Structures are given as C-alpha cells and as structure tokens.
Amino acid sequence: MKNTVTFFCVLFAIPLFMFTACAQNTVKKQPLNKTTTSGTVLSKPENPYYSNTDTAKLNVSNAEWKKVLPADVYDVTRNADTERPFTGKYWNTDEKGTYYCAACGNKLFRSGAKFSSNCGWPSFFEQDNKNSVVYKNDNSLGMERIEALCGRCDGHLGHLFDDGPEPTGKRYCMNSIALDFIPDNK
C-alpha cells in the first residue's frame, strides 16, 4: 500500500514540476501602455529609455523603471515574475518579424529562431546576437536554472534550457509580457 501511495505522489508531482519549470509567480494582465509602431520602430513616449536602435548598456534604478513601465512589465522584467503559461500574446504565434525587450527596446530574437515548444511560453533556439541576452544562475523554487536577462537593461525575460532543437539545442523560454514584436514589412 505504501508503494502505491508513493507512486501516486510521484505521478502527481511530475506534471506539477512541468508547469512550474519556467514559472515563479504569476502576473495579472493589465491594459497595454500607449505604444505606436512606425514602420520598423516602436515608440513609447512615456519611457525615455526605450529604443529599438540604441544598444548602449543602461544603468537605471528600479525606482525609475517603476515610473516608466506598466506594472505588469515591471513585475516581470524587474522582479522576475512569470506570466501564466498559455496566456501570453506570443506563445502560439508564427508571424515573421523581430522581438524586442518590452522595457528598453533592445533587439532580442528573430522569428526564424522561434519554435513551438508546447510549454506555454514563446520559445527560441537562439538570440539575435551574442549581446542580446545575458545570463545569471537562478536557484529559486529549489531548482537550478539559468535566468535570461536583456543584454541592454538586465531585465528578466525568462529562462534558458538545454532541451531545444538543433542547431543550438537551446530553449529560450520567454515571457510574452517582456517582449515587443515588430512584424516584417510585407
């Protein structure tokens, strides 16, 4: 009987860990801030640090980020919260274009590197360039993971795993709320 109880406990725990592999906290959906797209550039007038072309490293306090970012974007990018799986705007899209950091506008990924991982978050097998994303060890939730941060503003994007497709074998598991997207011109 004890073996049966142990078996069912383990059977229950496996899906629980699958759904929390990328998750930490959950982010509540909030209305989007005023963002305008002009061709291949996004504009966020309320955020003076946002640029799709500037690659200079930013050194901005969390107090300042809190003033210029929507609360949900702040919670994810500055507090490492995580949106619920299968709820983000980009988890299941295959439109061609470029993904940028929602906090600072840094170019992160091209749609050609996006793949369907069925984990509930947008996943990519490679970053746009070697400086797009930086990494930090993350031992939260009793797991050893690699946190993926924006290379320009150090904002939390998601996590990096070694279970992606070739050619890299990597899976950048990102939060949609931490990303902006500009579609390719048709």
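**Notebook: Phe109 and its surroundings**

I began with Phe109 and listed what it touches once neighbours within four places in sequence are left aside: Thr98, Tyr99, Phe124, Glu126, Gln127, Asp128, Val133, Tyr172 and Met174 are in contact with it. I note here that I am working on a predicted model.

Next I looked up how exposed Phe109 is, and found a relative accessible area of 0%, which places the residue among the buried ones because the cut-off is under 20%.

I then turned to the aromatic partners. How is the pair of Phe109 and Phe124 arranged? I found it stacked, with 4.1 Å centre to centre and 10° between the planes. Phe109 belongs to strand E4 and Phe124 to strand E6 (residues 123–124), so this pair ties together parts that lie 15 residues apart in sequence. Both Phe109 and Phe124 are buried.

For Phe109 and Tyr172 I recorded an edge-to-face pair, at 5.4 Å centre to centre and with 65° between the planes. This pair links distant parts of the chain, since Phe109 sits in strand E4 and Tyr172 in strand E10, 63 residues apart. I checked Tyr172 as well, and at 7% relative accessibility it counts as buried.

Which residues share one aromatic cluster with Phe109? I listed Tyr90, Tyr99, Phe124, Tyr135, Tyr172 and Phe181 beside Phe109 itself.

I went on to the largest nonpolar core, which has 29 residues, and noted that Trp65, Leu108, Phe109, Cys153 and Met174 touch the most other members. The elements that each supply at least two residues of this core include helix H2 (62–68), helix H3 (71–79), strand E4 (107–110) and strand E10 (171–174). Which element gives the most to this core? I found that H3 does, with three residues. As background, I wrote down that in soluble globular proteins nonpolar side chains tend to be buried together.

Last, I looked at the chain as a whole. I counted three helices and eleven strands, and read the pattern along the sequence as α-β-β-α-α-β-β-β-β-β-β-β-β-β. Of the 186 residues, 45% count as buried, while the chain exposes about 10,400 Å², with carbon and sulfur atoms supplying 55% of that area. Among contacts in the chain with a separation of 6 or more, I found that 60% are accounted for by residues 24 or more positions apart.

Notes: Residues numbered from 1 in each chain as written. Predicted model: local features only at pLDDT ≥ 70, side-chain atom pairs only at ≥ 80, totals over all residues. Heavy atoms only, no water. Helix = DSSP H or I, 4+ residues; strand = E, 2+ residues; numbered from the N terminus. Buried < 20%, exposed > 50% of the residue type's maximum accessible area, 1.4 Å probe, protein only. Contact = heavy atoms within 4.5 Å. Areas by Shrake-Rupley, 256 points an atom, 1.4 Å probe, with all protein chains shown as cover. Core = buried A, V, L, I, M, F, W, Y, C linked by side-chain atoms within 4.5 Å. Phe/Tyr/Trp six-rings, centres within 6.5 Å; stacked < 30°, edge-to-face > 60°.
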